[in-house]
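Please consult the sequence and the structure while working through each solution.

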Amino acid sequence: MEHNPAATRVLVIDDEEGIRVGSERILTRMDCDVTLASQGEQGLNLLAKVRPAIILLDMKMPGMDGMEVLGRIREIDDSILVIVITGYATVETAIEAMKKGAYDFVPKPFEPDQLRIVVNRALEKLRLQQKTAKLVSERRRTLSDLGTEKSRIHTILASLPNGVIVTNADGRVVLMNPAFKQHLNLDAQLHAGGQIRDYIQDQGLCDLVLDISKGKYIDYEEIPTYEFAVSDEKFMVARGRPVLGDQHECLGAVVTLVDFTAMKVIDRLKSEFVAKVSHELRSPLSTIHEQLAHVLTDMVDEASQDGQQILSRAKEKTQGLINLIGDLLDLSRIEAGAVCETPKKVDLSDLLKGIVAFLKTKADGKKQQLQLEIAQAPLPHLTADPLALESIFGNLITNAIHYTPEGGRVRVTAEATGISILVKVIDNGFGMEAKHLEKIFERFYRVKTAKTRYITGTGLGLPIVKGLVEGMGGFISVESTPTEGSTFTVSIPVG
């Protein structure tokens, strides 16, 4: 297929042939020059040759997944508009991709009109960028000039759906478009000229804009995206960049606001659905599990060995489902902010002793040493939810026992560091490769090797632990070496 040099070049990276072919048919009719790739690596190899302005990228592909491909694209060419293709059940992936620089997303399966709307929006953004670049090259203006001069840039900014605000080096607003006022429910007649705090009520965002305006961020990659709520029903994400002069001095900041309320609503509906279904399933499954226990007891002498194994396996699987449902309900409560609802004064030393004593039978069954080492100085009391603390350390110690072979050792240490208490769970078990360490706190992610593939679990324990720890204002980290073991470190602030 010959390339039209005047057409916008689009690269479609998706492992489903139907999606590729359908997208090509729709985009060709929109006068786009389309190139197809079935895998992430193939798509990256085509970047230099095709030089696309827009990329349609599937998030779930074999081999290199969409999130990794997105990161590589941003490193190669940050100007490419990446539209991610994601399923309805993976809206969290779409949100994460948007935070990491994706321009927009389209849910799979999609109708032709849905794809046209999203791509037209990207094409319009490209046209506006080209117009803006042309105007800037024709005549350089200072940021103050932009706030008073009736120019074509004002017309372009006024037509943008996203909010835009520009500040000088002192954090004074010199330009804002109508979408910015609309997103923040400001008076349409409000003029620029005041300090940033006069327009934005969220203190965290004001501080971020001031830091960018004053040139405190040298590396653009270090500038975080900022999420905030305008109201209970409206959510925004802000991205900021410094405006640099000819000598690379910081003249101010430009901040864009994107409304992602719809994605938040979808995410909330999904969480509510998971919680409701999990709650409705738990009672009948518990009944089935109890009946299986009675049947297994009654038939232990009568059933054949194969029959006993089948019943035992069924009982094990129903218990696994009950555990999964419990974990899903815990995650739903964490997402809803229902952690540490009943804080009490807790003696962490006594709590850890109780957990270790309870789990010692499990460790003894694998001929493991389970040790608790607490610093000589008494640990300060924590004001926290004791059930949450039991869940955190119970999960970590149980995991250490599961992923440590027979005859191994699990150590739990605790010490006060002044403003926090540091608890470490150390084992000499199977360990993990470095590539797994950033993913083990993701939902349903499990490290599967020849040694660990038979260990049962839901893949939700560590996400629950991370959510509970962060809900208490603490943090969790992990260090691990294959065949040598892992160390999980939890820091919880005192008070």
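**Exercise 1.** Which residues are linked with Asp58 in a network of salt bridges?

*Solution.* The model is a predicted one. The network of salt bridges links Asp14, Glu16, Asp58 and Lys108. Within it, the side chains of Asp58 and Lys108 meet at 3.3 Å, N to O. This pair links distant parts of the chain, since Asp58 belongs to strand S3 (residues 54–58) and Lys108 to strand S5 (residues 104–108), 50 residues apart. Both Asp58 and Lys108 are buried.

**Exercise 2.** Classify Arg121 and Asp104, which meet in a salt bridge, as buried, partly exposed or exposed.

*Solution.* Step one: the side chains of Arg121 and Asp104 form a salt bridge of 2.5 Å, N to O. Step two: Arg121 lies in helix H5 (residues 112–138) and Asp104 in strand S5, 17 residues apart. Step three: buried means under 20% relative accessible area, and exposed means over 50%. Asp104 has 9% relative accessibility and therefore counts as buried. Arg121 has 36% and therefore counts as partly exposed.

**Exercise 3.** Where does Gln368 lie, and is Gln368 buried or exposed?

*Solution.* Gln368 is found in the loop between helix H12 (348–365) and strand S12 (369–374). Its relative accessible area is 5%, so Gln368 is buried. A polar atom of the Gln368 side chain lies 3.3 Å from the backbone oxygen of Pro405. Beyond its neighbours within four places in sequence, Gln368 is in contact with several residues, including Ala363, Ile401 and Val410.

Note on methods:
Residues are numbered from 1 along each chain as its sequence is written. This is a predicted model: local features need pLDDT of at least 70, side-chain atom pairs count only at pLDDT 80 or more; totals for chains, interfaces and linings use all residues. Side-chain values use heavy atoms; hydrogens and water are left out. Helices (H or I, at least four residues) and strands (E, at least two) are DSSP runs, numbered from the N terminus. Buried means under 20% relative accessible area, exposed over 50%, partly exposed in between (1.4 Å probe, protein chains only). A polar contact is a pair of N or O atoms within 3.5 Å; within protein, one must be able to donate a hydrogen and the other to accept it, and residues adjacent in sequence count only if both atoms are side-chain atoms. Contact means heavy atoms within 4.5 Å. A salt bridge is a side-chain nitrogen of Lys or Arg within 4 Å of a carboxyl oxygen of Asp or Glu.
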